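User: Can you walk me through this one? I have the sequence and the coordinates open.

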Amino acid sequence: MNLVLFGPPGAGKGTQAKVITEQRGLPQLSTGEMLRAAIAAGTELGKASKAIMDRGDLVSDDIVVGIIGERYDQPDCAKGAVFDGFPRTIPQAEALDAMLAKRGRKIDLVIELKVDDKILIDRVEQRIKESGGTTRSDDTPETLKARLAVYYKNTAPLLEYYKHQGKVVTVDGMKPIVEVTRQIGAAIDAKARH
Ligand code: ADP
């Protein structure tokens with residue numbers, strides 16, 4: 001099964017993706033984590049991406065489509081994957097559909113995690129406090145506002161793209177983590193039965 005976790009920054013996509021990986025053995029393909037790994041490793045890709053990410057802007061479609069394509073061809077994706085933070089633009093979604101179609105695959109399910117802006121901002125402020133400000137250089141209240149604006153402008157329209165394909169299940173991301181996990185699990189099981 002190929003699954004997209006969809007939602008604004010701080011919605012809990014990464015948290016839920018990790019649970020799906022543990023419970024179902026589907027690898028988590030997070031472009032954000034891949035880009036942060038490239039920055040940490042000091043690669044050309046990392047050097048080119050850092051300033052863009054720190055501003056809260058999107059890295060170019062070509063770059064993220066390229067890293068996802070390479071990653072998806074690893075053997076652990078044989079049974080599918082959980083896409084987290086990708087796609088983020090319509091061209092990325094189209095490239096993903098084309099990439100999967102070439103391999104005789106498709107996106108089976110898109111889980112939309114719905115969370116109000118006010119709560120997203122509270123969560124990031126909490127994450128910054130807990131980490132002592134040392135983890136992600138794009139986790140500041142200002143950058144979060146930029147990331148949210150980019151989300152509404154570039155990424156939110158993707159929901160229509162997937163709704164059009166009849167693939168979206170919406171889950172209330174403001175419920176406790178275990179409840180969100182339960183609802184996502186139910187949506188995956190329902191899909192697997194069809
Ligand atoms: P968030 O918590 O905001 O969802 P991510 O870890 O998914 O964070 O992404 C962090 C940053 O990495 C983004 O703000 C963006 O600059 C870059 N990035 C991640 N995924 C993509 C993508 N699919 N397309 C373009 N840029 C991306």
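User: What is the bridge partner of Asn 2 in β3?
Analyst: The partner of Asn 2 in β3 is Ala 81. Strands here are DSSP runs of E of at least two residues, and helices are runs of H or I of at least four, numbered from the N terminus. This is a predicted model, in which local features need pLDDT of at least 70, side-chain atom pairs count only at pLDDT 80 or more, and totals for chains, interfaces and linings use all residues. Residues are numbered from 1 along each chain as its sequence is written, and side-chain values use heavy atoms, with hydrogens and water left out.

User: How many bridges do β1 and β3 pair over?
Analyst: Four, in the parallel sense. Two strands pair if DSSP finds at least two bridges between them. β2 also runs parallel to β3, joined by three bridges, and Ser 30 stands opposite Asp 84 in β3.

User: What is the strand order in the sheet?
Analyst: The order is β2-β3-β1-β4-β5, an open sheet of five strands with parallel pairing. β2 (28–30) and β5 are the edge strands, each pairing on one side only. On average, neighbouring strands are turned by 25° against each other, direction ignored; axes are lines fitted to C-alpha atoms, for helices over the stretch in contact, and angles run from 0 to 180 degrees between N-to-C directions.

User: And what about β4 and β5?
Analyst: They pair in the parallel sense over five bridges. In β5, Thr 170 is the bridge partner of Glu 112. Helix α9 packs on the sheet, touching β1, β4 and β5, and its direction makes about 160° with that of β4. Contact means heavy atoms within 4.5 Å.

User: Which residues of α9 are buried?
Analyst: Val 180, Thr 181, Ile 184, Gly 185, Ala 187 and Ile 188. Buried is under 20% relative accessible area, exposed is over 50%, and partly exposed is in between (1.4 Å probe, protein chains only). Seen down the axis of α9, the buried residues fall within an arc of 160°, so they line one face of the helix. That arc is taken from the directions from the helix axis to the C-beta atoms.

User: What do those buried residues pack against?
Analyst: They pack against β1, α1 (13–24), β4 (109–114) and β5 (168–172). The face of α9 turned away from the buried side carries the exposed residues Val 178, Arg 182 and Arg 193.

User: Switching to the core. Which residues touch the most other members of the largest one?
Analyst: Val 4, Tyr 72, Phe 83, Leu 96, Ile 107 and Tyr 162, out of 25 residues. A nonpolar core is a set of buried Ala, Val, Leu, Ile, Met, Phe, Trp, Tyr and Cys residues joined through side-chain atoms within 4.5 Å. At least two residues each come from β1 (2–6), α4 (61–72), β3 (81–84), α5 (90–102) and α8 (158–164). A second, separate core of 18 residues includes Ile 20, Leu 120, Val 171 and Val 180.

User: Which way do the β3 side chains point?
Analyst: Ala 81 and Phe 83 point one way, Val 82 and Asp 84 the other, and all are buried. Leaving aside neighbours within four places in sequence, the contacts of Phe 83 include Leu 29, Ile 68 and Ile 107.
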